[in-house]
Amino acid sequence: MKNRIHGKFLSLFGEGGVFYAAAGRVNLIGEHTDYNGGYVFPGAIDKGVMAEIKPNGTTVTRLFSIDFDEYAEFDLASDAVPSQHWARYVYGVCRETEKRGGKVAGFDAVFSGDVPAGAGLSSSAALESCFAFALDDLNGNGLSRFDLARIGQSTEHNYCGVKCGIMDQFASCFGKAGQLIRLDCKTLEYKYFPFNPEGYRLVLLDTCVKHKLADSAYNKRRESCERAAAAIRKNHPEVEFLSDCKRLWLDEVRSEISGEDFIRAEYVIGEVQRVLDVCDALERGDYETVGEMMYQTHFGLSRLYEVSCPELDFLASTARRMEVTGSRMMGGGFGGCTINLVKNELYDKFTSTAAALYREKFGHDLKIYDVVISDGARKL
Ligand code: GLA
């Protein structure tokens, strides 16, 4: 990838670029909890975005995306937003950096990535974090990694229409090889957990589908949670987020909120507890409990939060039938991957059987990715 980027960079912009990279992410457990002030448990992966960048002494930014085979430019001195959707991420990162007091001088960049788009592995967070980190470094802004993560998150909110939480950009900015990170999304306290489950492997099965309207459904889930939290807050003023709520408090407002908002909130409150249970289980080396919690999360995401799809449900239930330790859909939902915790001895049989059954049922192939927990945003 580096050679391809460099070849293109030389032909378009000449010598003198600097390389930066940032990663996509997986999440062991804690789904749709981030924007509810709950815990998440992600890690950066060995797939990401790489860019070669050089300041050009003007206010204009010139970009080339290898993967879209497309050129875009925008002038930071004007309000015009680029029309290419991929360039909007970079544009948003520039603007959000400026909003936090950072300088952004015009630059030239060529970039490429190997996070499969739409697989729920946060290719957009990798792109945002790569540029947020690079622009901070090149302009000597000295923003914190939290600021860089927030720059990516606000880019999604303000330029891409997704009201996402902080998990993806956090993982992409804070990731460390071999470590998962438990993040409390309310206080932003975090702790690294070495993740090297002896006798098990983590594997992703990519459904290779991305259902339409995923972004608008995501925003609607968030609104449901906010309505439920607001209703509970009337009785319990200390509640800031759904993650602060006891299950009993949700029952108190059952007749005041819609049935739909109720089951969304029910899922979130259960999921916040599951992350803590998984942390305890990990500290005991109890992977059977970790796996069981993953299945419970899948059930909740599918039946209560309703962000799964037939392809994901099929893969999770195939894993269950084959006695895989844990399996669940990962990320925002409506397509993308399942994350599976599989005993070494079952790995070959599980992946080959799931692939064959999936092809038979849906008429197209899934993809298999072995997960390597890797470093986040960095200069190369
Ligand atoms: C997407 C969002 C994250 C998070 C997950 C679900 O990946 O970008 O902020 O909400 O969905 O856990």
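A residue counts as near a molecule if one of its heavy atoms lies within 4 Å of it. The model is predicted, so local features need pLDDT of at least 70 and side-chain atom pairs count only at pLDDT 80 or more, while totals for chains, interfaces and linings use all residues. Residues are numbered from 1 along each chain as its sequence is written, and side-chain values use heavy atoms, with hydrogens and water left out.

**Exercise 1.** State which residues surround the ligand, and find its polar contacts (pairs of N or O atoms within 3.5 Å).

*Solution.* The surrounding residues include Arg25, Glu31, His32, Asp34 and Tyr35, as well as Cys164, Met167, Asp168 and Tyr218. Turning to distances, a ligand oxygen atom lies 3.0 Å from a side-chain N or O atom of Arg25, and a ligand oxygen atom lies 2.6 Å from a side-chain N or O atom of Glu31. The protein covers 91% of the 310 Å² of accessible area that the ligand has on its own (Shrake-Rupley method, 1.4 Å probe).

**Exercise 2.** Explain where the ligand lies relative to the domains.

*Solution.* Begin with the domain assignment, automatic or from a database, which gives domain 1 (2–195) and domain 2 (200–371). Their C-alpha centres are 25 Å apart, and 35 residues of domain 1 are in contact (heavy atoms within 4.5 Å) with 46 residues of domain 2. Both domains give residues to the shell around the ligand, and therefore the ligand lies between them.

Notes
Polar contact = N/O pair within 3.5 Å; in protein donor to acceptor, adjacent residues only side chain to side chain.
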